[in-house]
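Subject: Structure handover

Hello,

Here is the structure for you to look through.

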Amino acid sequence: MCTGVYPGSFDPITNGHIDIIERSAKLFDKLIVAVLNNHDKKSLFTTEERIMMIREATAHIPNIEVEYFCGLLMEFARLKQARVIIRGLRAVSDFEYELQMALMNKKLAEDIETVFIMTNCHYSYLSSSIVKEVASLKGCVKELVPPNVATRLRDKFAD
Ligand code: ADP
């Protein structure tokens, strides 16, 4: 049984994340989407809301589990017996942070590999922050996020 973990804040999940999930789910028996439950980081949606939106938007993928984690990702991966962490890479600007994280995680858990999947060129500009910014200004996010997320964003920023 080969398990992968795709960690992130997913505040909220975007079509860029969905693309990475669909592609990496094909590489594993099971892919766990791990939502960071970070109390320090100010998020728009609660952990429960983020998990629910991901579950709804990935219902068409059979080998997905969506869970939250707190603390060290490597501890979570070990607990789940996962040997691979998936991260998406958009632009060169992602690289430095991702390299630092991957090297630190390697130091913490030598048997776990971080594997990077390049963004789909259609979504290379897409991030949760830019989606929130557009939605807060009442811009259309229909093509940027799954329909259930677009609805929740509209509700969140309704007057
Ligand atoms: P974090 O807060 O850990 O950066 P995010 O929720 O922003 O988490 O993203 C989780 C992962 O998905 C990261 O590896 C990020 O680079 C990747 N990602 C985000 N948006 C895209 C996108 N449009 N295309 C490819 N990868 C993406």
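A word on terms before the notes: helices (H or I, at least four residues) and strands (E, at least two) are DSSP runs, numbered from the N terminus. This is a predicted model, in which local features need pLDDT of at least 70, side-chain atom pairs count only at pLDDT 80 or more, and totals for chains, interfaces and linings use all residues. Residues are numbered from 1 along each chain as its sequence is written, and side-chain values use heavy atoms, with hydrogens and water left out.

T14 sits in the loop between strand 1 and helix 1. Is T14 buried or exposed? T14 counts as buried because its relative accessible area is 2%. The cut-offs are these: buried is under 20% relative accessible area, exposed is over 50%, and partly exposed is in between (1.4 Å probe, protein chains only).

T14 and V145 are 131 residues apart along the chain, yet their C-alpha atoms are separated by 4.4 Å. At the start of helix 1, a side-chain oxygen of T14 comes within 3.1 Å of the backbone nitrogen of G16. That is a polar contact (a pair of N or O atoms within 3.5 Å; within protein, one must be able to donate a hydrogen and the other to accept it, and residues adjacent in sequence count only if both atoms are side-chain atoms).

Two backbone features are worth a look here. Most residues other than glycine have a negative phi, and most peptide bonds are trans. F10, in the loop between strand 1 and helix 1, has a positive phi of about 50 degrees although it is not a glycine. F10 is buried because its relative accessible area is 2%. The peptide bond joining D11 and P12 is cis, with omega about 0 degrees. P12 belongs to the loop between strand 1 and helix 1.

Q81 also has a positive phi, near 55 degrees, and is not a glycine. Q81 lies in the loop between helix 3 (73-79) and strand 4. Q81 counts as exposed because its relative accessibility is 66%.

Helix 1 is mostly covered, with 9 of its 11 residues buried. Among them are H17, I18, I20 and I21. Strand 2 (residues 30-36) is mostly covered too: 6 of its 7 residues are buried.

Strands 1 and 2 pair in the parallel sense over 6 bridges. Pairing here requires that DSSP finds at least two bridges between the strands. Y6 stands opposite V33 in strand 2. Strand 2 also pairs with strand 3 (residues 64-69), in the parallel sense over 6 bridges. There, the bridge partner of V33 is V66 in strand 3.

Strand 1, helix 1 and strand 2 form a right-handed β-α-β unit. Right-handed is meant as follows: with the strands pointing away from the viewer, the path from the first strand over the helix to the second runs clockwise.

Strand 4 (residues 84-89) pairs with strand 5 (residues 113-118) in the parallel sense over 6 bridges. The chain goes from strand 4 through helix 4 (residues 92-108) to strand 5, and this β-α-β crossover is right-handed.

L108 lies in helix 4. L108 is partly exposed because its relative accessible area is 39%. L108 and E49 are 59 residues apart in sequence and 30 Å apart in space, C-alpha to C-alpha.

**The ligand**

Which residues come nearest to the ligand? Of the 17 residues around it, they are Y6, S9, G88, T119 and Y123. A residue is near a molecule if one of its heavy atoms lies within 4 Å of it.

Strand 1 (3-8), helix 1 (15-25), strand 4 and helix 4 each supply at least two residues of the shell. By class, the shell has 6 nonpolar, 6 polar and 5 charged residues. Ala, Val, Leu, Ile, Met, Phe, Trp, Tyr, Cys and Pro count as nonpolar, Asp, Glu, Lys and Arg as charged, and the others, Gly among them, as polar.

A side-chain N or O atom of R87 is 3.1 Å from an oxygen atom of the ligand. A polar side-chain atom of R90 lies 3.3 Å from a ligand nitrogen. A polar backbone atom of Y123 is 2.9 Å from a nitrogen atom of the ligand. The protein covers 89% of the 540 Å² of accessible area that the ligand has on its own. Accessible areas come from the Shrake-Rupley method with a 1.4 Å probe; for residues, only the protein chains shown count as cover.

Best wishes
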